[in-house]
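Please read the following report alongside the sequence and the coordinates, which are shown next.

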Amino acid sequence: MINQTQPTAQQIEATRKSAALVETVTVQRGTYRPRLIALGSVEPAREIVLSPRVSGQVIELSPNFVPGGMVQEGDLLLQIDPADFTSVLSERQSALEQAEASLEIERGRQALARKELDLLVDTIEEANRSLVLREPQIKSILAQVDAARALVARAQLDVDRTKIRAPFDAQILRRSVNVGSQVAPGDDLAQLVGIDEYWVIATLPVRSLNWVQFSEADGQGSTATLHNPDTWLPGAKRDATVTRMIGALDQRTRLARVVMTVEDPLARNSDGPPLILDTLLEAHINGRPIEDVVRLDRDYVHERDTVWVMTDGTLEIRETDIVFRDADYAYIRDGLESGDEVVTTTLATVANGISLRKINEPAPQSESSNTEAAN
């Protein structure tokens, strides 16, 4: 009887009503500069293939005229044998001296003719005065003198051209001649690149161009920081300025190309690693300022550009208007205001109105009682 009439345990339903624990970040509206990340290759701003303008044999080379050598504007790089050209110059100078002597003789004759003409003032017609004064002969000899001077200048120019000088401050990339080489106009002597500045040509999505300032168009270009994590020491960087946009897309990637200028690329007068031509660098470009927006970490923006906001202890899912996204942040024009608390914790259940509580806040008394009752 006892076994048949003993009470049995009844199961009751108990729910645990507790708020989800979250972390938040408070946002502020303001003016921010997006950071654009691009890859670019180092190219010379000035590059030439050095060629002679006269023919001859190379008889001397500068010690700095070697691959990797540094030369300054006007430095002598090589000397072509000037013997033939100095001989021609001597001949031209002799011809000039002879023409000048003939001019002096003719002027003496003209002076004598003028004295004779003064005695015959009334007997010589005006039309014949120039013939009597030997003016045609003077003009002819003057033309010969001018032609002789031009030939002397040409011969002197050929002599000067036997000395090949650096056209600007440069580094020698390669050299194609040596002492004893026979050279002629148009021959390849060497390849030189200017060392005052290099270009870094980087590619960017076309949509990002609106946020880049170009010095040639805007007066002041966006600043950029160059990095090479593969070969440079940790923390090493170089500064650059965005100067212009190339007016054609890259044929392979269909991306826009921008040119950044780096002063003193070989770091001769500044700190930082020297740039090597054709190196691939990572450029962080400081974009044009975006005014009156909220800058939010991209990880906190969810599907359909929605953001989770904690309002009065509950979750509110807000749609936003994102002006631009860079590698790290989204720049939001509408949907968030200063002081809003954006939820940064990943939630298992997402719905408007669910209860939230910050991790560092104590639980409300009612919530604690419910938790104890459930336990």
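This is a predicted model: local features need pLDDT of at least 70, side-chain atom pairs count only at pLDDT 80 or more; totals for chains, interfaces and linings use all residues.

Strands here are DSSP runs of E with at least two residues, helices are runs of H or I with at least four residues, and both are numbered from the N terminus. Residues are numbered from 1 along each chain as its sequence is written, local features need pLDDT of at least 70, and side-chain atom pairs count only at pLDDT 80 or more, whereas totals for chains, interfaces and linings use all residues. Side-chain values use heavy atoms, with hydrogens and water left out.

Two strands are taken to pair if DSSP finds at least two bridges between them. The table lists pairings of this kind, with one pair of facing residues for each.

| Strands | Bridges | Direction | Facing residues |
|---|---|---|---|
| β19 (306–311) and β20 (314–319) | six | antiparallel | V309 and E316 |
| β19 (306–311) and β23 (341–343) | two | antiparallel | V309 and V342 |
| β7 (70–71) and β10 (170–175) | two | antiparallel | M70 and Q171 |

Strand β19 is mostly covered, since five of its six residues are buried, where buried means under 20% relative accessible area, exposed means over 50%, and partly exposed lies in between (1.4 Å probe, protein chains only).

Elsewhere, four strands form an open sheet in the order β5-β12-β10-β7, with antiparallel pairing. Its edge strands are β5 (47–50) and β7 (70–71), each of which pairs on one side only.

## Nonpolar cores

A nonpolar core is a set of buried Ala, Val, Leu, Ile, Met, Phe, Trp, Tyr and Cys residues joined through side-chain atoms within 4.5 Å. The largest one has 33 residues, and L226 and M260 are those with the most contacts inside it. Strands that each supply at least two residues of this core include β4 (35–44), β13 (197–204), β16 (256–263) and β18 (290–297). Apart from its neighbours within four places in sequence, M260 is in contact (heavy atoms within 4.5 Å) with residues including W199, V200, L226, V242 and I285. A second, separate core of 30 residues includes L89, V152, A166 and A190.

Residue R29 is found in strand β3 (residues 29–32), and its side chain reaches the backbone oxygen of D292 at 2.7 Å. A polar contact is a pair of N or O atoms within 3.5 Å; within protein, one must be able to donate a hydrogen and the other to accept it, and residues adjacent in sequence count only if both atoms are side-chain atoms. With neighbours within four places in sequence left aside, R29 is also in contact with residues including V294, I332, L336 and E337.

Residue D297 is found in strand β18 and is partly exposed, with a relative accessible area of 26%. A polar atom of the D297 side chain lies 2.9 Å from the backbone nitrogen of D299. Not counting residues up to four places away in sequence, D297 touches D328 and Y329, while D297 and Y331, which are 34 residues apart in sequence, are 8.9 Å apart in space, C-alpha to C-alpha.

## The chain as a whole

The protein chain has six helices and 24 strands, and 35% of its 375 residues count as buried. Among contacts with a separation of 6 or more, 76% are accounted for by residues 24 or more positions apart.
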